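Subject: Structure for you to look at

Dear colleague,

I am passing on the structure we talked about, and below it I have written up what I found. Please read the notes with the model open beside them.

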Amino acid sequence: MDTAASLVFWITILFTAASAVLVGTARKILHAAFALCLCFLGVAAIYVFLHADFLAAVQLIVYVGGILVLILFAVMFSSHSQETPGETPRGAFALGAGALAGAAVFLAFVLLVGRLSPPLEGQSAAYAAEAYRHTVSVTGKEEGLGHLLMGEYLLPFEVASIVILAALLGAVVIARKETR
Amino acid sequence: MGVLGISNPFAGGPDNLLTYLVLAAFLFAVGVFTVISRRNAVGILMGLELILNAAGVNFVAFARFHGHQLDGQVFALFIIVLAAAEAAVALALVLAVFQTRQDIEMQTVDELKR
């Protein structure tokens, strides 16, 4: 991996982390929604770095094109029309509790990763040798993904389609205005 | 051993699994912070999306560094599918609550507790 690619990678990482922080801390809920858009874009870029091109495309289409539009719609719909969409300031207790829980979770995960670190690093080193050949030769990943979805994971795939159907119908019924 | 048992976490770059794991942990932690501290129901939903994204990054990272297997990507696909379904239902609930109360502050929606 050359220096330019490495630089782009670190910029992507910082960009994703910074926009995630903005999602949590933005004063106005609309700004948080736009920060969430940037965060989704960053995660899609990270999927590209992980050689998951198809997943990056799905991330863009479903998250940025679907979920984010839904969220923006809900933000604009559920705010009073006079003022810009915002929310009442959060109390110090809520902020403190949230920060404490977030810091505890992060510390726990990083400690866990640190505990796993020696075997993982061995794997990464072994991988690095293999990686270069792979990056050139891995083609048809999407084909493999399709075979997995239509073969080994066929049942979960079909169940997921039923779940989506049920969720969409439920959403329509819940959000519909009562006419009677 | 360096910081927190990780020997030099910044040595990695794109070819190091640890980088992705730490980033995912950070996304997860920020998501937890958002879910706990936000009062707006849509804001809480944004925190949930951050948490689901963190899980997806973890799955794909482990899949890539475990011999380029694709199973992790399939799991991440299912995460995205479930996130979409969850977002649709949750936002419908938000709209329903807003229609009845003109307000989606989670602190004040406590009819069932009275």
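Among the contacts in chain B between residues at least 6 apart in sequence, 41% join residues that are at least 24 apart. Please keep in mind throughout that this is a predicted model. Chain B has 3 helices and 0 strands, its elements running α-α-α from the N terminus on, and 56% of its 114 residues count as buried.

Helix α1 of chain B, residues 17-37, has a length that agrees with expectation, because its 21 residues should span 30 Å at 1.5 Å a residue and its end C-alpha atoms are 31 Å apart. Since 21 of the 21 residues of α1(B) are buried, this helix is largely enclosed by the rest of the structure.

The largest nonpolar core has 77 residues, and those with the most contacts inside it are Val23(A), Leu27(B), Val42(B), Val57(B) and Val60(B). Two or more residues of this core come from each of α1, α2, α3, α4 and α6 of chain A, and likewise from each of α1, α2 and α3 (71-101) of chain B. It is α1(B) that gives the most to this core, with 17 residues.

Turning to the contact between the chains, 80 residues of chain A and 65 residues of chain B take part in it. On the side of chain A that touches chain B, at least two residues are supplied by each of α1 (3-25), α2 (29-49), α3 (53-77), α4 (92-137), α5 (141-150) and α6 (154-175) of chain A, and α4(A) gives the most, with 24 residues. Sorted by class, that side of chain A has 58 nonpolar, 17 polar and 5 charged residues.

The axes of α3(A) and of helix α2 of chain B, residues 41-64, come within 11 Å and cross at roughly 170°; because an angle over 145 degrees counts as roughly antiparallel, α3(A) is roughly antiparallel to α2(B). In this pairing, Leu55(A), Ile67(A), Ile71(A), Ala74(A) and Val75(A) of α3(A) meet Val42(B), Leu45(B), Met46(B), Glu49(B) and Val60(B) of α2(B). By class, the contact of α3(A) with α2(B) has 9 nonpolar, no polar and 1 charged residues. Val42(B) and Val60(B), which belong to this helix contact, are also among the residues with the most contacts inside the largest nonpolar core.

With best wishes

Notes: Residues are numbered from 1 along each chain as its sequence is written. Chains are lettered from A and ligands numbered from 1 in the order in which they are written. This is a predicted model: local features need pLDDT of at least 70, side-chain atom pairs count only at pLDDT 80 or more; totals for chains, interfaces and linings use all residues. Helices (H or I, at least four residues) and strands (E, at least two) are DSSP runs, numbered from the N terminus. A residue is buried if 20 or more other C-beta atoms lie within 10 Å of its own, exposed if 12 or fewer, and partly exposed in between; C-beta atoms are placed from the backbone. Two residues are in contact if their C-beta atoms, placed from the backbone, lie within 7 Å. Ala, Val, Leu, Ile, Met, Phe, Trp, Tyr, Cys and Pro count as nonpolar, Asp, Glu, Lys and Arg as charged, and the others, Gly among them, as polar. Axes are lines fitted to C-alpha atoms, for helices over the stretch in contact, and angles run from 0 to 180 degrees between N-to-C directions. Angles under 35 degrees count as roughly parallel, over 145 as roughly antiparallel, 65 to 115 as roughly perpendicular and the rest as oblique. The expected span of a helix is 1.5 Å times one less than its number of residues. A nonpolar core is a set of buried Ala, Val, Leu, Ile, Met, Phe, Trp, Tyr and Cys residues joined through C-beta atoms within 7 Å.
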